[in-house]
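Open the model in your viewer and keep the selection tool at hand. Each stop tells you what to pick and what is there.

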Amino acid sequence: MTIWVNEQIDPSGIVYSCIACCDKQQAEECHESFQNNLTDTQKEQGWKATLRTVESWDEVPVSALKLN
């Protein structure tokens, strides 16, 4: 099973927000939203939005909102 994990990460590497789901289209839309919600100032400070995949719910950060 492929699980898509969207994360907004602050400049110190701490996950600020995280959403995980099994639907690729939903994950891509969420990632686009995460990117668009970062201000120019946040981007300059080192904030980033990432989209990655994992194979198990055990690999998803515990703080994630998990959508089935």
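Select D23, E28, E29 and E32: together they form a patch of negative charge on the surface. Such a patch takes residues with over 30% relative accessible area and no salt bridge, with like charges joined within 9 Å. A salt bridge here is a side-chain nitrogen of Lys or Arg within 4 Å of a carboxyl oxygen of Asp or Glu. Accessible areas come from the Shrake-Rupley method with a 1.4 Å probe.

This is a predicted model, where local features need pLDDT of at least 70, side-chain atom pairs count only at pLDDT 80 or more, and totals for chains, interfaces and linings use all residues. Residues are numbered from 1 along each chain, and side-chain values use heavy atoms, without hydrogens and water.

Now zoom in on D23. D23 sits in the loop between β2 (15–21) and α1 (24–37). Helices (H or I, at least four residues) and strands (E, at least two) are DSSP runs. D23 is partly exposed, at 39% relative accessible area; buried means under 20%, exposed over 50%, and partly exposed in between.

Step to Q25, in helix α1. Q25 is exposed, at 53%.

Next, the cysteines. C18 is buried, at 6%.

Finish on C30. Its closest cysteine sulfur is in C21, at 6.9 Å, too far for a bond. C30 is buried, at 15%.

Technical notes:
Patches are made of residues with over 30% relative accessible area and no salt bridge: like charges are joined within 9 Å, nonpolar side chains (Val, Leu, Ile, Met, Phe, Trp, Tyr) within 5 Å. Lys and Arg count as positive and Asp and Glu as negative; His and the chain ends are not counted. The place of a charge is taken as NZ of Lys, CZ of Arg, CG of Asp or CD of Glu. Buried means under 20% relative accessible area, exposed over 50%, partly exposed in between (1.4 Å probe, protein chains only). A disulfide is a pair of cysteine sulfur atoms within 2.5 Å.
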